[in-house]
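Colleague: Can you walk me through this one? I have it open now.

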Amino acid sequence: MARYLVTGAAGFIGRSIAAALLARGETVRGLDSFITGKRENLSGLEAMEFVEGDLADPAVCSEACKDVEIVFHEAALASVPRSVADPVATNRNCVDATLNLLVAAREAGVHRVVYAGSSSAYGDTPTLPKHEGMTPNPISPYAVAKLAGEHYMRSFMRVYGLETVVLRYFNVFGPYQDPTSYYSGVLALFCRKMLAGEQPTIFGDGEQSRDFTYIENVVNGNLLAAAAPAEKVSGRMMNLATGSRSTLNQTFAILSELTGYSGGLAYAAPRTGDIRDSLADIGLAKELLGYKPAVSFRDGLRRTVEWHKKREAVA
Ligand code: UD1
């Protein structure tokens, strides 16, 4: 009998949450459609019951939610430019999937759903840091889809009494983030390229900034959100980040040091749908969850580079 369901379990964040749960001796069911998840990410998760399926199919959701108490909903088509290229696919895999999952969770008597929200919901507002009281201003179809999921979470809490917690992630990075796709996160791409001696490309002038958040901090935030008292967190949305930011130019300099890359950098036109700056106020997660980012940006980068080195060695 599974106690936890992790959607997107073959993806970067889902895989990492599942591994932490298994390490605690929990019973875990993982689900993935492999649209972007990777079979190789399941290595090390043999103790997890795995279901291959697509959340856009309601029958898959019903099957996945059976006997589950807590759901970590990490499955999504995570990429701003991918959503610009194909907004319908993003809607299907983010909005339809989330609604189907919520319906199934409610029917199965799931206690709580913890949802992977996105800082892209804030859009390009000049105010920094971004705090939860700000009016959402999504730009890309991806941001709209992730924000729609947040609203569904709150609606299911209000209308049906299902406990929901929304964690708005800010540029998560670390081991198991796919470095091979054009749509991969910038740090995974840069680590792989720089270790291979290939020149990375910055879209724009490199002065855009992000609150890059190491995966272990995000996993901890999720575990806290699953365990926090309902009266404190149910129906709430909060940022999950570090509360500090780095520009891409600064990050490139640190990565050059960590990878030993001595080549240059290419600059290309800024990406459509991109936001300029991103920095989180993490006061609410501190207050409601007792969350504290334990791994610094630099330490996270160091661990990520080590993981990419090992990955290359076995490839
Ligand atoms: C990322 C996440 C998204 C999440 C959001 C907010 C990924 C793929 N996307 O979006 O799911 O909701 O954070 O937490 O993880 N860039 C380059 N060169 C490259 C690739 C990217 O300069 O080769 C730039 C982009 O133009 C952008 C910045 O790096 O300015 C970050 O891009 P990316 O890693 O794709 O993340 P976001 O778009 O911020």
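Colleague: How is the chain divided into domains?

Modeller: There are two: domain 1 covers 4-173 + 214-243 + 280-295, and domain 2 covers 186-208 + 244-278 + 303-314. Domain bounds come from an automatic or database domain assignment. This is a predicted model: local features need pLDDT of at least 70, side-chain atom pairs count only at pLDDT 80 or more, and totals for chains, interfaces and linings use all residues. Residues are numbered from 1 along each chain as its sequence is written, and side-chain values use heavy atoms, with hydrogens and water left out.

Colleague: What area do domain 1 and domain 2 bury between them?

Modeller: About 1300 Å², with 56% of it on carbon and sulfur atoms; buried area is the accessible area (1.4 Å probe) that two parts lose on being put together, summed over both. D124, L128 and F173 supply 30% of the area that domain 1 buries against domain 2, more than any other three residues.

Colleague: Which residue forms a salt bridge with R303?

Modeller: E216, with the closest N and O atoms 2.7 Å apart. The rule (a side-chain nitrogen of Lys or Arg within 4 Å of a carboxyl oxygen of Asp or Glu) finds one salt bridge across the interface of domain 1 and domain 2.

Colleague: Other topic. Is V114 buried or exposed?

Modeller: Buried, because its relative accessible area is 0% and buried means under 20% (exposed is over 50%, partly exposed in between; 1.4 Å probe, protein chains only).

Colleague: How far apart are V114 and L223?

Modeller: They are 109 residues apart in sequence and 9.4 Å apart in space, C-alpha to C-alpha.
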